[in-house]
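Reader: I have a model to go through before I set anything up. Can you walk me through it, with the cut-offs spelled out?

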Amino acid sequence: MCRNITVLRGLEPAATEQEIYAAALQYVRKVGGISGLSSTTKPAVDKAVAAIAAATTTLLAELPDRRVPPPTEPPLRRIAARDAAAGEGSAAR
């Protein structure tokens, strides 16, 4: 599996639609060997991402709860936390 895809099961709060979409997109890009979208690749990528995101949403809903939270947070949460911390630092000045 791609190292950039993080565990979504067991997050608190639960994985968002955006986080599931980002993971699906990363998976499709990795499997398809696609580094960027073009007018030729976009329709196929969009269709695959939608299908994988739907399957992921179903999977997460049907799996039992995790005993231990995942070891890392999804990239969107890491970016938001970094941006929040940067905003707090500049607000204190």
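Author: Contact first: it means heavy atoms within 4.5 Å. Leaving aside neighbours within four places in sequence, Ile20 is in contact with Leu8, Ala15, Ala53, Thr56, Thr57 and Leu60.

Reader: Where do the coordinates come from, and which atoms go into the side-chain values?

Author: This is a predicted model, where local features need pLDDT of at least 70 and side-chain atom pairs count only at pLDDT 80 or more, while totals for chains, interfaces and linings use all residues. Residues are numbered from 1 along each chain as its sequence is written, and side-chain values use heavy atoms, with hydrogens and water left out.

Reader: Back to Ile20. Which element is Ile20 in?

Author: Ile20 is in helix H1. Helices here are DSSP runs of H or I with at least four residues, numbered from the N terminus.

Reader: Is Ile20 buried or exposed?

Author: Ile20 counts as buried because its relative accessibility is 7%. The cut-offs are under 20% relative accessible area for buried, over 50% for exposed, and partly exposed in between, using a 1.4 Å probe and protein chains only.

Reader: And Leu25, what does Leu25 count as?

Author: Leu25 is also a residue of H1, but it counts as partly exposed, at 21% relative accessibility. Leu25 touches Val45 and Val49, not counting residues up to four places away in sequence.

Reader: Next, H2. What are its length and span?

Author: Helix H2 covers residues 42–62, which is 21 residues, and reaches 30 Å from first C-alpha to last, close to the 30 Å expected at 1.5 Å a residue. That expected span is 1.5 Å times one less than the number of residues.

Reader: Which residues of H2 are buried?

Author: Val45, Val49 and Ala53 are buried in H2. They lie on the same side of H2 because they cover an arc of only 65° around the axis. The arc is that of the directions from the helix axis to the C-beta atoms.

Reader: What do they pack against, and what is on the face turned away?

Author: The buried residues of H2 pack against helix H1, residues 17–32. The face turned away from the buried side carries the exposed residues Pro43, Ala44, Lys47 and Glu62.

Reader: Which residues make up the largest nonpolar core?

Author: That core has eleven residues: Ile5, Leu8, Leu11, Ile20, Ala23, Ala24, Val28, Ile34, Val45, Val49 and Ala53. H1 and H2 are the elements that give two or more residues to this core, and H1 gives the most, with four. A nonpolar core is a set of buried Ala, Val, Leu, Ile, Met, Phe, Trp, Tyr and Cys residues joined through side-chain atoms within 4.5 Å.

Reader: What does Val28 touch?

Author: Not counting residues up to four places away in sequence, Val28 touches Val45, Ala48, Val49 and Ile52.

Reader: Switching to charges. How many salt bridges?

Author: The count comes to three, where a salt bridge is a side-chain nitrogen of Lys or Arg within 4 Å of a carboxyl oxygen of Asp or Glu. Arg77 forms one with Glu19, the closest N and O atoms being 2.5 Å apart. Arg77 lies in helix H3 and Glu19 in H1, so this pair ties together parts that are 58 residues apart in sequence. Both Arg77 and Glu19 are buried.

Reader: What else does Arg77 touch?

Author: Beyond residues up to four places away in sequence, the contacts of Arg77 include Leu11, Glu12, Pro13 and Ala14. Glu12 and Pro13 are joined by a cis peptide bond, with omega about -5°. Pro13 lies in the segment before H1.

Reader: And the salt bridge of Lys42?

Author: Lys42 pairs with Asp46, with the closest N and O atoms 2.7 Å apart. The two are separated by about one helical turn because they are four residues apart in H2. Lys42 is partly exposed at 40% relative accessible area, and Asp46 is partly exposed at 30%.

Reader: Which side chains meet at 3.8 Å?

Author: Those of Arg82 and Asp83, in a salt bridge taken N to O. Arg82 counts as exposed at 54% relative accessibility, and Asp83 as partly exposed at 46%.
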